[in-house]
Amino acid sequence: MADGHAASIALAAHAAPAAEARGLVSWLTTVDHKRIGLLYGTSALAFFLIAGFEALLIRLQLARPGGQLLGAQRYNELFTMHGTSMVFLALMPLSAAFFNYLIPLMIGARDVAFPRLNAFSYWVFLLGGLFLNASWLVGTPPDAGWFGYAPLTSKPFSVGPHSDFWLLGLLFLGTSSILGSLNFLVTILNLRAPGMTFLRLPLFVWTTLVTNVLILLAFPPITVALIFLMFDRFFGTPFYLPAGGGSPLLWQHLFWIFGHPEVYILILPAMGIVSEVLPAFARKPLFGYPSMVYATALIGFLGFGVWAHHMFAVGMGPIADSAFALTSMLIAIPTGIKIFNWLSTIWGGSLRFRTPFCFAVAFVAMFTIGGLSGIMHASPPVDLQQTDSYFVVAHFHYVLFGGTILALFAGIYYWFPKVTGRLLDDRLGLLHFWLMLIGFNLTFFPMHFLGLMGMPRRIYTYAPGLGWDFWNLVCTVGAVVQGFSLLVFLANVARSLRRGTPAGTDPWDGRTLEWALPSPPPAYNFAVLPTVLRRDALWLTKHPDARGPGLADLRALVTPAGPIHMPAPSSWPLLTALAMIVLIAGALLHLGVVIVGGLLTALALLAFATELVPARANHGGHADGDHEDPHVGATGLDHRKLGIWVFIGSECLFFGTLISTYVVYRGRSLQGPYPHDILNVPLITVSTFVLLMSSLTMVLGVAAIQARDVRAARRWLLATAALGGVFLAGQVYEFNHFVHEGLGLTTNLFAATFYVMVGFHGAHVTVGVIWLSALWYLLTRGRLGARDEALVDMAGLYWHFVDVVWIAIFTLVYLIQ
Amino acid sequence: MSGQPSNDRSYRAETSPAHGAAHPGAGPRTYLVVAAFLLAITVMEVWIFYVPALARVLVPILLILSTLKFTLVAMFYMHLKFDHTWFSYVFVGPLILAIGLAVALLWLFGLIGTTGVPHAGAG
């Protein structure tokens with residue numbers, strides 16, 4: 001056993017990592033997933049500390065009754081920013097840091113599927129986080145809660161730019177999340193090493209896969225919800241205003257359709273980390289691997305069916321309450337499977353109580369406590385007592401702090417040696433662990449009592465003599481202890497980076513592929529991509545059993561056989577993100593800034609998209625050491641085609657939410673014109689014919705390029721773009737006509753839903769026309785050729801999707817009035 | 001050694017030529033036939049819209065016809081019929097979720113069925 005471990009260390013020690021570029025510019029233009037992971041990690045930790053400080057201020061205010069540290073407005077701002085920052089700027093990006101660094105290493109890949117898009121996701125996240133926190137500098141941070149309930153966030157009740165910062169910031173950050181998820185989904189599906197079948201994937205890869213599916217499907221509904229809020233606040237539409245026929249409950253439904261999958265987005269990566277750490281320190285394989293995989297998938301699936309358990313108090317009715325109570329209780333089953341599997345992994349193992357293991361075990365315990373209070377909330381009559389009380393605050397902090405954050409620290413301690421080449425000090429680590437665990441329980445366990453004693457959430461102070469004084473003080477003491485624990489952690493990191501014990505390749509005798517590589521790994525990860533023969537491939541290669549090793553050749557992973565082609569750095573991800581933040585910030589400043597930002601964004605996106613298009617079409621194909629075509633994975637599928645399909649899948653939820661809102665709100669307008677007064681079915685029938693014919697010309701264009709007939713392809717692409725232009729002209733005419741007939745954007749609810757839904761469809765058509773025109777131009781100039789059929793195919797899939805969305809809109813809006 | 005598939009049967013199934021064929025799809029003739037169907041169905045839909053006698057069955061008929069158009073475009077123009085099954089999963093899964101959420105919202109806002117409360121979800 002020891003020989004195998006020693007062998008992997010000896011091999012990796014002889015590998016010579018390629019020299020990496022240094023300096024600020026190299027970091028600003030990096031597309032290396034490992035560097036991007038480090039950027040995510042350090043940025044997210046910084047936001048975590050800021051959000052933690054916000055929490056400390058909250059606790060200091062509540063330490064005694066009648067606290068004078070903060071006024072009500074400042075208190076509202078602090079709990080809003082604490083929650084928003086923790087969810088969107090700390091926990092999600094910390095998970096993204098682990099995805100970025102580890103996923104390509106664990107699946108045996110050189111990088112992610114779309115390295116530049118990956119970098120772009122990071123810069124959007126960073127700039128979004130800075131934008132959100134810039135609100136402190138101008139004195140108007142968000143103040144309506146991280147959940148932003150309408151109508152509190154609507155203009156009559158939230159007049160200043162507080163909620164504008166919030167909604168614009170989240171819209172921007174959502175872009176980062178969706179693009180990042182698209183990247184990881186394609187990476188995991190398409191870049192797995194030969195032999196790495198789905199049931200040989202490390203469980204962390206599985207949890208990452210399901211998490212990113214959840215992000216892709218859950219973020220579009222909140223994007224639509226935020227768009228509606230933006231229209232309400234900026235243009236005066238009545239999406240959430242009862243006075244205009246709208247409903248605040250629409251916000252709640254759309255928010256929690258996102259919000260509940262979001263909590264699984266926050267916890268699943270943590271579960272994946274724990275599923276890697278526990279087996280390493282128990283020196284046993286993960287117990288019940290297949291059931292863990294199915295439980296993970298089931299949690300993801302069921303997570304979309306429980307959202308209204310956050311709304312038991314709104315009066316949905318007993319049937320709705322019962323349905324969501326049932327689904328909420330059902331979701332405890334796969335979670336329970338995981339907990340028992342973790343316990344079984346530890347049971348009978350050869351345990352090493354190092355810091356990562358301690359954090360991972362604490363996760364299991366603390367998450368179980370949080371899960372138990374969660375089951376209580378699943379019962380509507382019980383929840384009616386607990387909702388909006390500190391009992392709920394206790395619950396979600398046990399699952400998110402006791403769950404996610406403890407697991408993230410387990411991951412940091414576990415993988416720090418691989419990233420830096422040095423071990424974190426274990427004594428300081430254990431000190432951090434115990435201070436954090438004690439402080440955390442001192443802070444949040446008494447909140448169960450406070451909730452049961454009737455203390456509501458989101459109050460900035462309370463009167464003496466209610467019986468809350470003692471436990472609030474205990475909570476605050478706990479928060480201070482947690483603060484000290486973080487100082488210990490930071491000191492440990494600073495010390496270990498300079499003088500930590502060298503880690504070597506495999507300090508923990510790990511089970512997954514990254515432990516075969518030097519610490520830190522070279523830019524190209526694997527000298528030769530591994531061929532995986534079994535699950536736990538590295539472990540079984542180091543410690544083979546009767547069925548043989550897990551990898552075909554361990555030595556080949558670290559011994560370079562020749563030059564390896566890696567993606568070049570690019571400045572366009574950062575520049576495009578900067579252009580977009582000008583556009584976003586312009587919404588708070590001046591229309592002129594919006595226009596400038598929009599133009600800059602369009603130019604930057606065009607440059608970004610065409611950066612890799614050569615001066616002359618590539619007729620010879622591209623080769624590197626591993627694949628004939630760098631865009632094609634071991635499955636034979638093109639990353640780009642898979643990527644556009646994944647994007648289309650996400651768009652189904654986007655348009656589905658827009659169309660659902662239209663149908664839900666039909667008949668609720670308080671005044672005319674109504675649909676039957678104004679919709680011109682004959683005109684739009686002609687438009688529909690035009691769009692259907694554009695789908696025909698598009699598919700003929702794809703067929704032409706596949707037949708290597710570039711001239712015909714150019715003709716059909718031009719025809720498609722032209723027909724798209726005709727369709728858009730029809731839309732412009734229709735909108736103009738409606739306005740002249742007295743149907744403006746804010747006239748009634750029909751107008752608001754119609755213009756926003758059809759307008760966004762039109763925007764998608766516009767993007768399609770620009771895309772096709774660009775392709776036509778590049779084909780005409782000879783910069784793209786017959787071998788670039790994948791690019792035309794991608795555009796074609798997008799175009800057809802826009803067409804099928806119109807099929808739905810034409811039927812539901814124009815024909816079913 | 002690198003890039004060589006293992007002997008694992010399930011892995012080879014993923015990379016077999018039946019999956020992800022280089023140029024999936026029908027020919028131009030099929031596309032023209034599909035276009036003709038799409039136009040014909042659209043004409044039928046609009047005709048039904050203007051026939052008062054069919055008002056009672058308008059909604060189900062239109063939903064069926066538009067589903068048919070949707071399916072034709074997805075299967076033939078978007079090549080799902082000829083392409084790797086993963087693309088179908090990646091498209092149909094979210095589509096089913098979107099439809100499910102839409103139906104749930106209609107139910108919760110009292111437009112279909114009952115949640116047990118009159119005017120359920122009215123804001």
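Let's start with chain B: from the N terminus on, its elements run α-α-α-α. That makes 4 helices and 0 strands. Keep in mind that what you're looking at is a predicted model. Of the 123 residues in chain B, 30% count as buried. Now take the contacts within chain B between residues at least 6 apart in sequence: 41% of them join residues at least 24 apart.

So where does chain B meet chain A? The contact takes 59 residues from chain B and 66 residues from chain A. On the chain B side, helix 1 (9-15), helix 2 (28-49), helix 3 (58-77) and helix 4 each supply at least two residues. Helix 4 of chain B gives the most, with 14 residues. Sort the chain B side by class and you get 36 nonpolar, 19 polar and 4 charged residues.

Next, step back and look at chain A as a whole. Chain A is divided into domain 1 (2-17 + 24-557) and domain 2 (665-815). Taken over C-alpha atoms, the centres of these two domains of chain A are separated by 39 Å. Where they touch, 10 residues come from domain 1 of chain A and 9 residues from domain 2 of chain A. The domain 1 side of that contact has 5 nonpolar, 5 polar and no charged residues.

Finally, let's go inside. In soluble globular proteins, nonpolar side chains tend to be buried together. Here, the largest nonpolar core has 292 residues, and those with the most contacts inside it are Val274(A), Phe359(A), Phe363(A) and Ala410(A). Helix 8 of chain A (residues 248-282) gives the most to this core, with 23 residues. Domain 1 and domain 2 of chain A each provide at least three residues.

Leaving aside its neighbours within four places in sequence, Phe363(A) is in contact with Ala270(A), Val274(A), Gly403(A), Leu406(A), Ala407(A) and Ala410(A).

Notes. Residues are numbered from 1 along each chain as its sequence is written. Chains are lettered from A and ligands numbered from 1 in the order in which they are written. This is a predicted model: local features need pLDDT of at least 70, side-chain atom pairs count only at pLDDT 80 or more; totals for chains, interfaces and linings use all residues. Domain bounds come from an automatic or database domain assignment. Two residues are in contact if their C-beta atoms, placed from the backbone, lie within 7 Å. Ala, Val, Leu, Ile, Met, Phe, Trp, Tyr, Cys and Pro count as nonpolar, Asp, Glu, Lys and Arg as charged, and the others, Gly among them, as polar. A residue is buried if 20 or more other C-beta atoms lie within 10 Å of its own, exposed if 12 or fewer, and partly exposed in between; C-beta atoms are placed from the backbone. A nonpolar core is a set of buried Ala, Val, Leu, Ile, Met, Phe, Trp, Tyr and Cys residues joined through C-beta atoms within 7 Å.
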